[in-house]
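The tour below goes from one selection to the next and says what you will find at each stop.

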Amino acid sequence: MAVLSIISRTASRRGVRALGVVAASAALALSASGNALACDISEFSAEAKCDGDNGVITVTDVDPAGIPATVTVYLKDGDKQVGQQTVKGSKDGTTVSFPVDWQPNTTYRIHVKADRYVDEDIQPDVTTPSTPCKSEDTPTPTPSESSSTPSDETESPAPEPSTSAPAPSQPESTAPAAVPNDNAPSPAAGDSNLAETGANSNTGMIAGIAAALVVVGGGAVFFGLRRRGANSNS
């Protein structure tokens, strides 16, 4: 009985030792697995780039454990915070973007805080490109008024000189006035209406001159006959 008791004690001690070795191995395995799944700063990367005409800073988390991490962006000059977001990483990578109206050659500091695993900056710092995302608009030259707008005062062409000589003016009529005829019959009363466009205005004067000439002619004939009779009597 004493021998059996000694053998039993020896086997029990060996079993306990074996269980201890197994437990220690399991603990080491779990510790190694936990370290492999823990979040690390090397799983984060940052970049400054253009999204169309706007500048952005992107942070990518490739932590396969998907531990949430808070990402904060600071302007390096003055350490001014410009944005903060929470990212949950993945094996393929999860990216968050920070729209920033950055200037060329500006440096930003990116800080990551993930529970008890990470609390540090991404290295190196992010520096923006040397050229802006949106190029400055070149003003279109405005055409001068003299070249684009026709002048309101359009010069009229000079009149061409006339090649035809001016028509000579007609000389005024110098025909002598008609001498009244003593033997001409006096115009009838109805004939005064033949020349109504100015001739009838001189009819009275012509008639008076004609009557005076008749009287003078008759007087001359009378004195001529009388003188002739006196000469014949002497």
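Begin by selecting Pro-124, which is found in the loop between strand S7 (118-121) and strand S8 (126-127); helices (H or I, at least four residues) and strands (E, at least two) are DSSP runs, numbered from the N terminus. Before going further, note that this is a predicted model, in which local features need pLDDT of at least 70 and side-chain atom pairs count only at pLDDT 80 or more, while totals for chains, interfaces and linings use all residues. Residues are numbered from 1 along each chain as its sequence is written, and side-chain values use heavy atoms, with hydrogens and water left out.

**Two positive phi angles**

Next, select Asn-105 in the loop between strand S5 (94-99) and strand S6 (107-114), where phi of Asn-105 has a positive value, near 60°, in a residue other than glycine. Asn-105 counts as exposed, at 54% relative accessibility (buried means under 20% relative accessible area, exposed over 50%, and partly exposed in between, with a 1.4 Å probe and protein chains only). Then move to Asp-115, which lies in the loop between S6 and S7 and has a positive phi of about 50°, although Asp-115 is not a glycine.

**Asp-121 and its contacts**

Select Asp-121 in strand S7 and show its side chain, which makes a polar contact of 3.0 Å with the side chain of Arg-109. A polar contact is a pair of N or O atoms within 3.5 Å; within protein, one must be able to donate a hydrogen and the other to accept it, and residues adjacent in sequence count only if both atoms are side-chain atoms. The side chains of Asp-121 and His-111 are also joined by a polar contact, of 2.7 Å.

**The disulfide**

How many disulfides does a search of the whole structure find? The search finds one, and this disulfide joins Cys-50 to Cys-133, with 2.0 Å from S to S; a disulfide is a pair of cysteine sulfur atoms within 2.5 Å. Cys-50 lies in strand S1 (residues 44-51) and Cys-133 in the loop between S8 and helix H2 (145-148), so the pair ties together parts that are 83 residues apart in sequence. The torsion about the S-S bond of Cys-50 and Cys-133 is about -90°, so the disulfide is left-handed. Cys-50 is partly exposed, at 38% relative accessible area, whereas Cys-133 is buried, at 18%.
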